[in-house]
Amino acid sequence: MTTSDAPTAICRAPRCAPPWRLPAIVLLIGVAAWWLMPEQLGLLTRIAFMALLVLSLDLVVGVAGLATLGHTALFGIGAYAAGIFALRVHPDPTLGLLMGTAAGAVLAAASGAFLLRYSGFTFLMLTIAVAQITASLAQKARDWTGGDDGLSGFTMAPLFGRFAFDMEGRTAALYALGVLVVGLYVARRVVDSPFGLAVRGIHENRARMAALGTPVIARLLAMYTLAGALAGAAGAVSAQTSAIVGLDSLSFAVSAEALVMLILGGAGRLHGALIGAVVFTLLHHTASSINPYHWLFVVGAALMLVVLVPPRKAWDRLRARFAFLGGKASASARETA
Amino acid sequence: MTRLIRKAASLAAAASLAFTAFGAIAQTVKVGIIGPFSGPFAHYGTLFKNGAEAYIASQGGKLAGKDVELIYRDTGGPNPGQTKTLVQELIVKDKVDYLGGFVFTPNAFAVAPLIQQSQTPTVIFNAATSAITDKSEFFIRTSYTLWQVTVPLAQWAAKNHIKKVVTAVTDYGPGIDAETAWKSEFTKQGGTVVESIRMPISTADFAPFVQRIKASGAQAVYTFLPGGPPNLGFVKAYNENGLAKAGIQFLGTAETDEFDLQKFGDAALGLTTAFHYSAAHDAPANKKFIEALKKRDPNAVANYASVGAWDGMYVIHKMIEATDGKKDGLKAIAAARSLQWESPRGPVRIDPKTRHIVQNVYLRKVEKVGGLLVNKEVQSFGPQIDYGLDR
Amino acid sequence: MQLLANVLIDGLAYGMVLFIIAAGLSVTLGLMRFVNLSHGAFAMIGGYLAAMLTREAQWSFWLALPLAVVATGALGALLEALVLRHLYRRSELDQVLFTIGLTFFLIAATNALAGPQVQLIVLPPFLAQSVDLGFRTLPVQRLFVIGVGLLVAVVAAFAVTRTRFGVWLRAAVDHAETAATLGVPVRTVQCACFAIGAALAGLGGVLGAELMPLEPYYALKYLVLVLVVVAVGGMGSLLGSLVAGITLGIVETASKYLASEWGSLFFFLAMAVLLAWRPQGLLRRGAA
């Protein structure tokens with residue numbers, strides 16, 4: 001690292017790629033998939049909003065370093081908010097999306113204010129409590145949420161007044177992809193900003209950041225709220241594209257699966273969240289259609305493998321092996337968490 | 001290079017011609033079967049599979065002269081979002097002609113707009129909430145509804161000097177239907193419902209609820225729970241906590257289902273239920289059904305889910321016949337509306353107005369026959385319609 | 001009055017089952033700092049073994065129970081020695097993920113071997129009968145569970161505080177290196193500890209089979225409940241797990257009696273309140 005190129009030398013831990021690069025790549029791949037696989041659009045839509053959910057989880061787990069198993073509450077409340085809004089107020093998708101995002105943000109801010117006083121195992125257990133309480137409330141409020149039967153009976157109005165949600169799912173897939181790309185851009189900007197760096201700093205060493213004068217809880221709460229907004233958006237998209245919201249969107253399984261997807265892809269760098277979501281959802285889809293009973297063998301083995309041979313290590317090892325192909329390899333091999 | 005391309009192109013053309021020709025001759029009708037094949041309700045998936053495939057085998061492997069391909073999709077449990085994605089794929093990618101299955105109400109609700117838009121006739125093998133068939137004109141049901149089996153039971157109870165009843169149902173669509181149906185009919189007949197208990201669907205320990213039932217002072221408990229672990233747990237709790245001895249009669253519907261019946265042991269003797277199918281139903285059609293099942297798999301269980309699949313495939317068979325194997329949803333439904341046949345459960349027909357099966361409901365008591373527990377049909381209430389849609 | 005008695009008895013039985021399963025997890029989590037989320041799978045395996053032995057092999061319950069418990073303990077020891085010990089130095093997240101992967105694998109294996117239906121354990125006539133206590137009739141099995149729970153608590157407390165093994169255990173936890181230099185066989189202690197935890201989980205699985213039905217997803221479904229008991233009770237504190245188990249068991253049972261439409265809301269609310277009040281648990285480590 002030479003001192004003469006000072007501006008570029010600042011970039012050590014987080015990469016300083018232009019913030020629009022990753023969203024643009026995702027957009028390209030997504031549209032290509034949409035074009036080439038017109039019969040798999042339901043799956044594509046699901047991958048898109050799951051990726052957004054895992055992305056929001058990455059902000060909390062990977063960037064802020066808060067292990068949570070209650071993220072489903074933020075997703076579910078976004079879904080129900082969008083669903084109830086479409087059913088009772090107005091079926092316009094963009095308004096519903098805003099409602100869902102807002103609901104997720106509000107719940108994140110409210111629960112975060114309580115949760116962030118704790119850390120470690122206590123924090124983890126309390127996130128589970130918050131999620132389960134939300135699920136119980138949703139089940140009790142049958143008149144609003146449909147309880148165990150789910151919230152259904154609403155039809156979404158055409159997107160922007162022009163594009164109707166068709167049966168093949170063309171509009172839905174592009175809509176979900178669009179929301180993912182926008183969310184990704186926002187996440188990228190935030191994470192690469194000084195605020196994002198501060199949060200990363202808090203992850204690495206809370207005491208030191210506090211000694212530097214950073215209002216730790218306030219920063220974490222802001223990040224948690226942003227993550228809640230993105231998770232709420234993902235929930236809203238899931239509700240609008242499937243026109244039904246079930247209690248399964250508030251189940252513990254969603255939190256656990258999202259965490260698994262995140263770790264499989266690699267936490268902390270945003271693109272890991274996307275990779276994990278894509279790989280896991282595709283695996284689940286293929287394994288379930290081949291043999292629904294034995295899907296858990298696959299994911300269980302994958303998880304154990306990932307821990308024993310972490311993807312980043314494997315990735316770095318692969319890169320080192322092929323270092324002769326490009327000079328970047330040695331630099332990224334030195335890249336720290 | 002160009003020669004290679006030309007060769008490849010002609011090969012491809014020939015291959016595609018061959019495929020279309022082949023396709024035209026062996027016209028396969030595709031039926032998507034939606035159900036849980038994993039998780040705690042996975043037995044439903046196996047029951048559907050056995051019932052459906054046994055039916056096709058009993059017809060000689062083809063229905064109305066056409067090959068039938070069954071495509072199974074796993075919903076895991078009540079999972080409406082996932083179900084919708086799976087059905088969307090079945091309709092758009094696999095281009096299924098018919099759909100069958102459905103154990104859980106929310107899953108059925110979720111696919112209503114899809115089947116309506118694509119005009120895919122969908123036969124419900126199990127889900128029991130009355131409102132389902134209202135959601136789309138392409139739903140036909142060969143299972144039952146809670147109103148259908150509860151109304152005659154309530155009438156029987158009132159006639160048999162039972163005045164005070166407590167209802168205990170699982171807190172979801174069919175359970176609430178059951179509670180509403182009982183309350184409405186039983187109070188109409190002059191009885192009183194002293195308490196209505198709703199149990200969360202995830203309950204594993206039923207002792208608290210059973211204690212509440214005991215404390216309610218009722219003469220009988222009317223109950224409905226989904227098949228599988230909840231069912232098993234409740235009946236065991238009923239037995240273990242001495243409710244029968246305390247004089248509280250058990251009035252149920254699907255709780256003594258053949259799938260779990262043997263597990264209750266002698267404690268289940270005497271339990272009274274009203275339902276549309278018993279494996280002990282004495283009729284040639286039922287014997288044929290059980291034989292066909294056992295031929296496929298000696299461990300197969302004949303119960304309301306496998307008979308729902310069997311009769312469901314019969315309806316699909318007739319729809320294929322009526323449309324000559326081509327996809328024509330409106331024609332198929334029109335033909336299905338007027339169906340009438342002798343099912344393993346008894347004489348049945350499809351109600352043209354509601355597209356729900358009209359069938360005999362029987363009063364049964366659990367008895368021991370030949371060392372095994374069976375649901376002995378004590379009385380037939382005659383053909384019953386879906387009262388839930390009549391209101 | 002009857003209601004109070006009902007809530008206490010059922011709550012106590014439920015709480016005892018939670019305690020017995022949670023005891024093992026509290027031990028491995030608190031005393032060994034190892035996040036073992038496959039603990040639920042041990043409970044499941046113990047239950048399944050007992051079910052197989054009593055149903056298929058027609059063994060007596062009184063023989064099947066100890067054998068299932070010992071076998072689960074042996075399986076735990078094997079797993080620990082071969083696989084899990086390599087994870088002690090890894091981060092918590094790695095431990096969580098590996099053990100969750102292991103749990104998924106075991107669920108799929110159970111499904112493949114035994115099918116998805118609920119497994120029933122054939123109880124001996126002594127336990128299957130119902131006893132009339134005057135104000136209510138309840139299955140003897142419930143009283144048996146309460147009894148065994150108390151026995152486990154007493155024996156565990158005695159073992160940790162009064163025996164040499166207990167001393168070794170606490171030393172190994174406080175500072176493994178120093179303990180090793182003093183001649184404490186740290187590896188053996190860790191392995192034995194894990195095995196006993198697994199055996200206890202198996203015991204809980206067998207005893208709790210009436211309250212928590214044995215089916216392949218058992219390992220995940222009840223893991224959350226057990227984690228809650230450990231968190232509220234305090235990692236490493238057996239007495240804490242006992243108190244937490246009983247308290248939460250009674251809260252859950254009371255809510256089932258009085259407000260069943262609210263589901264598990266009160267259980268988790270109680271948990272949140274207790275954790276907020278005592279973030280490290282009711283009784284922190286060492287208070288066994």
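The questions and answers below concern a predicted model with chains lettered from A, ligands numbered from 1 in the order in which they are written, and residues numbered from 1 along each chain as its sequence is written. Because the model is predicted, local features need pLDDT of at least 70 and side-chain atom pairs count only at pLDDT 80 or more, while totals for chains, interfaces and linings use all residues; side-chain values use heavy atoms, with hydrogens and water left out.

Me: How many helices and strands does chain C have?
Reply: Helices (H or I, at least four residues) and strands (E, at least two) are taken as DSSP runs, numbered from the N terminus. On that basis, the count for chain C is 13 helices and two strands.

Me: What is the radius of gyration of chain C, and what does the globule rule give for 288 residues?
Reply: The radius is taken over C-alpha atoms, and the globule rule is 2.2 Å times the number of residues to the power 0.38. Chain C is as compact as a globular protein of its length, because its radius of gyration is close to the value from the rule. The C-alpha atoms fill a box of roughly 60 × 45 × 35 Å along the principal axes. The radius of gyration is 19 Å, and the globule rule gives 19 Å.

Me: What percentage of the residues in chain C is buried?
Reply: Buried means under 20% relative accessible area, exposed over 50%, and partly exposed in between, with a 1.4 Å probe and protein chains only. For chain A, with 337 residues, the buried part is 55%. For chain C, with 288 residues, the buried part is 61%.

Me: What area is buried between chain A and chain C?
Reply: Buried area is the accessible area (1.4 Å probe) that two parts lose on being put together, summed over both. The contact, meaning heavy atoms within 4.5 Å, takes 28 residues from chain A and 36 residues from chain C. Carbon and sulfur atoms give 84% of the buried area, which comes to about 3,100 Å².

Me: Which residues of chain B lose the most area to chain C?
Reply: In this interface, 22 residues of chain B are in contact with 24 residues of chain C. The area buried between the two chains is about 2,200 Å², with 56% of it from carbon and sulfur atoms. Together giving 24% of what the chain B side buries, the residues that lose the most area to chain C are Asp205(B), Gln211(B) and Glu240(B).

Me: Is Thr354(B) buried or exposed?
Reply: Thr354(B) is found in the loop between strand S13 (346–350) and strand S14 (357–369) of chain B. Leaving aside neighbours within four places in sequence, Thr354(B) is in contact with Thr133(B) and Leu389(B). With a relative accessibility of 12%, Thr354(B) counts as buried.

Me: What is the phi of Gln119(B), which is not a glycine?
Reply: Most residues other than glycine have a negative phi. Gln119(B) is found in the loop between helix H4 (105–118) and strand S5 (122–124) of chain B, and it is partly exposed at a relative accessible area of 33%. Its phi is positive, at about 55°.

Me: What is the relative accessible area of His161(B)?
Reply: His161(B) is found in the loop between helix H5 (146–159) and strand S7 (164–170) of chain B. His161(B) has a positive phi of about 65° although it is not a glycine. This residue is exposed, with a relative accessible area of 65%.
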